[in-house]
Amino acid sequence: QVQLVESGGGLVQPGGSLRLSCEVSGSISSRYVMDWYRQVPGKQREMVAAIANGGYTNYADSVKGRFTISRDNAKNTVYLQMNNLKPEDTAVYYCNARPRGSPIPMYDWGQGTQVTVSS
């Protein structure tokens, strides 16, 4: 049974930084693409960053140049470094995995980690 545990969120001022972690427990293919998503109340969950096993990354336009996704397959962990945070980045952040070429997340969602950007 795969479980996803997100951590590292918190309250930060605009312009600040946070580093989120997603620890994956259970067996998961290292070939899967790992994604970070975020969701605000009343809106659909949106993908903000993705990383394939070979290191290829992709970002939503709203976070390009500010967020960096990385993964450590040996630790079964994926990270999201978030710099120059803006109030509109406030959301609950989640991670998930999917086979390359598929848009569908494979696993049950974790509890997420709350990021609040406010002065």
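**Notebook: strands, core and pocket**

I started with methionine 82: leaving aside neighbours within four places in sequence, I found methionine 82 in contact (heavy atoms within 4.5 Å) with Gly16, Ser17, Leu18, Leu20, Arg66, Phe67, Tyr93 and Val115.

I note that this is a predicted model, where local features need pLDDT of at least 70 and side-chain atom pairs count only at pLDDT 80 or more, while totals for chains, interfaces and linings use all residues. Residues are numbered from 1 along each chain as its sequence is written, and side-chain values use heavy atoms, with hydrogens and water left out.

Buried means under 20% relative accessible area, exposed over 50%, and partly exposed in between, with a 1.4 Å probe and protein chains only. The largest core has 30 residues, and Trp36, Ile69, Val78, Leu80, Met82 and Tyr93 have the most contacts inside it. At least two residues of this core come from each of strand 3 (18–25), strand 4, strand 5, strand 7 (67–72), strand 8 (77–82), strand 9 (91–98) and strand 10 (113–117). Strands here are DSSP runs (E, at least two residues), numbered from the N terminus.

**Two residues**

I checked tyrosine 37, which sits in strand 4. Tyrosine 37 counts as buried because its relative accessibility is 7%. Not counting residues up to four places away in sequence, tyrosine 37 touches Arg45, Glu46, Met47, Val48, Val92, Tyr93, Tyr94, Asn96, Pro105 and Trp109.

I then checked serine 27, in the loop between strand 3 and strand 4. Serine 27 counts as exposed because its relative accessibility is 68%. Beyond its neighbours within four places in sequence, serine 27 is in contact with Val2 and Tyr107. From C-alpha to C-alpha, serine 27 and proline 41 are 31 Å apart in space, and 14 residues apart in sequence.

**Strand pairing**

I counted two strands as paired if DSSP finds at least two bridges between them. Strand 4 (residues 33–39) and strand 5 (residues 46–51) run antiparallel and are joined by five bridges; arginine 38 has glutamate 46 as its bridge partner. These two strands form a hairpin with six residues between them, and glycine 42 in the turn has a positive phi of about 85°.

Strand 5 also pairs with strand 6 (residues 57–59), antiparallel, over three bridges, with alanine 49 opposite tyrosine 59. This hairpin has five residues between its strands, and glycine 55 in the turn has a positive phi of about 100°.

I found strand 10 paired with strand 2 (residues 10–12) in the parallel sense over three bridges, and joined to strand 9, antiparallel, by three bridges. Glycine 10 stands opposite valine 115, and valine 92 has glutamine 114 as its bridge partner. The covered face of strand 10 holds Thr113, Val115 and Val117, and the uncovered one Gln114 and Thr116.

**Pocket**

Last, I looked up the largest pocket, which holds about 170 Å³ of space. Its lining has 13 residues, with Arg38, Val40, Lys43, Glu46 and Glu88 nearest its centre. A pocket is an open set of points on a 1 Å grid over the protein atoms alone, where a 1.4 Å probe fits, with protein on both sides within 12 Å along at least five of seven lines; lining residues have an atom within 4 Å of a point. Its volume is the space filled by probe spheres set on the points.

Methods: Helices (H or I, at least four residues) and strands (E, at least two) are DSSP runs, numbered from the N terminus. A nonpolar core is a set of buried Ala, Val, Leu, Ile, Met, Phe, Trp, Tyr and Cys residues joined through side-chain atoms within 4.5 Å.
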